[in-house]
Amino acid sequence: MRTKQAKVLQFILFLATGALILWWLYRDQDPQKLLTAIKEDVNYWWILASLLAGLLSNVSRTIRWQMLITPLNDKRPRFLNTFLALTIGYLANLAIPRMGEVSRCAVLSKHENISFTQLIGTVVAERALDILSMLVSLLLVVLLQFKVLHSITGSAFDFSQLFSSFTTPTPYVIVILIAGSIWLFRKKIRASRAFYQIKGLWVKFKEGFLSFRNVPNKPWFIGHSILIFVFYFLMMYLNFFAFGYTSHLTPLAALTVFVFGTLAMVAPVQGGIGPWHFMVIIALVAYGVSSSDAGIFALVVHGALNIMIIVLGLLALLALPFVNKPAQ
């Protein structure tokens with residue numbers, strides 16, 4: 001009961017945080033003008049094109065996940081089950097941040113009879129690849145759009161305090177104390193039941209995490225990793241053509257906005273509601289878009305994407321029992 005109450009409280013807290021950020025961002029907007037702009041000033045064909053790119057990224061991610069799973073037990077999970085599990089995971093993330101990774105593994109484990117812990121390992125491997133793609137994107141933005149970044153950040157980030165903390169003995173003393181305690185009690189730790197349980201889980205987790213070393217077709221695997229990034233980028237860039245005030249912006253501008261939006265998704269808020277809008281708005285303002293127009297862009301693009309996630313997720317929940325219906 002306490003666990004359920006904690007989840008409900010977590011859901012409300014995160015959602016309230018996102019809603020508060022949204023209110024702060026749009027508090028000066030005239031609701032009637034905002035609604036009129038959304039109805040009349042948006043070319044929704046380009047929005048649909050961006051959603052198609054998002055759907056294709058899901059297909060590519062599904063194939064890549066299948067390739068990661070196959071070496072675990074020499075069995076390739078069915079594409080439809082893997083795709084539906086992935087889609088349900090995205091839907092779960094809208095309820096509780098980070099729940100999607102657990103949900104999609106639970107769904108696929110149930111319907112394909114694959115170890116849940118191993119699947120978690122493959123998802124962590126996926127996230128490592130995503131972080132690598134994100135770091136490459138961030139590096140490109142830093143190298144090619146440095147002036148724009150400087151205009152956004154200014155002198156807001158001061159790393160001197162962070163570096164100075166490592167000149168004091170405190171962090172090193174803490175590390176030494178922790179390491180010393182583990183060393184002194186190592187025999188008791190190894191003999192404990194919890195250690196053996198954790199060790200067993202770690203073995204399965206490691207198998208899943210390192211599964212990319214044994215994927216059947218590495219060039220194809222790398223190709224899908226690149227495709228996922230390309231489709232994500234296209235999702236942002238195609239949206240630019242839906243609005244008159246962003247249609248002239250370059251692909252580099254789209255890459256910058258994409259990176260800022262992706263960084264915002266780190267925040268533990270359902271679907272990035274609030275933080276994503278904030279980051280996208282400040283990035284667009286740096287390229288000369290007014291804050292009100294940038295706000296409309298963020299609202300429409302984020303809203304359309306989440307509508308797609310909800311619709312596909314609900315359809316996946318309905319389809320899953322039929323796809324896995326036992327043969328008569």
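This is a predicted model: local features need pLDDT of at least 70, side-chain atom pairs count only at pLDDT 80 or more; totals for chains, interfaces and linings use all residues.
Let me begin with helix α12, whose buried residues are Phe-221, His-224, Ser-225, Ile-228, Phe-231, Phe-233, Met-235, Met-236, Tyr-237, Leu-238, Asn-239 and Phe-240, where buried means under 20% relative accessible area, exposed means over 50% and partly exposed lies in between, with a 1.4 Å probe and protein chains only. Residues are numbered from 1 along each chain as its sequence is written, and side-chain values use heavy atoms, with hydrogens and water left out.

The protein chain has 15 helices and 0 strands, and these are DSSP runs numbered from the N terminus, helices being H or I over at least four residues and strands being E over at least two. Buried residues make up 40% of the 328 residues in the protein chain.

What covers the buried residues of α12? The cover includes α3, α6, α13, α14 (275-286) and α15. As for its length, the 23 residues of α12 should span 33 Å at 1.5 Å a residue, and its end C-alpha atoms are 34 Å apart, which agrees; the expected span is 1.5 Å times one less than the number of residues.

Leaving aside residues up to four places away in sequence, Ile-228 touches Ser-57, Ser-60, Arg-61 and Arg-64, where contact means heavy atoms within 4.5 Å. The C-alpha atoms of Ile-228 and Val-59 are separated by 8.9 Å, although the two residues are 169 residues apart along the chain.

With residues up to four places away in sequence not counted, Ser-57 touches Ile-228, Phe-231 and Tyr-232. For the protein chain, among contacts between residues at least 6 apart in sequence, 71% join residues at least 24 apart.

Now to the empty space. Rolling a probe the size of a water molecule over the atoms shows where empty space is left. On a 1 Å grid over the protein atoms alone, a cavity is a set of points where a 1.4 Å probe fits but cannot get out, whereas a pocket is an open set with protein on both sides within 12 Å along at least five of seven lines, and lining residues have an atom within 4 Å of a point.

The largest pocket holds about 1,400 Å³ of space, and of the 50 residues that line it, the closest to its centre are Arg-61, Tyr-90, Tyr-232, Thr-262 and Met-265. Helices that each supply at least two residues of this lining include α3 (44-73), α4 (79-95) and α12 (218-240).

How many cavities of 30 Å³ or more are there? The count comes to 1, and the largest cavity has a volume of about 50 Å³. Its lining is formed by Leu-86, Gly-89, Tyr-90, Asn-93, Gly-100, Glu-101, Arg-104 and Arg-127, and the largest share of that lining, 4 residues, comes from α4. Helix α4 is itself mostly covered, with 14 of its 17 residues buried.

Methods: Grid points are joined across faces, edges and corners, and a volume is the space filled by probe spheres set on the points.
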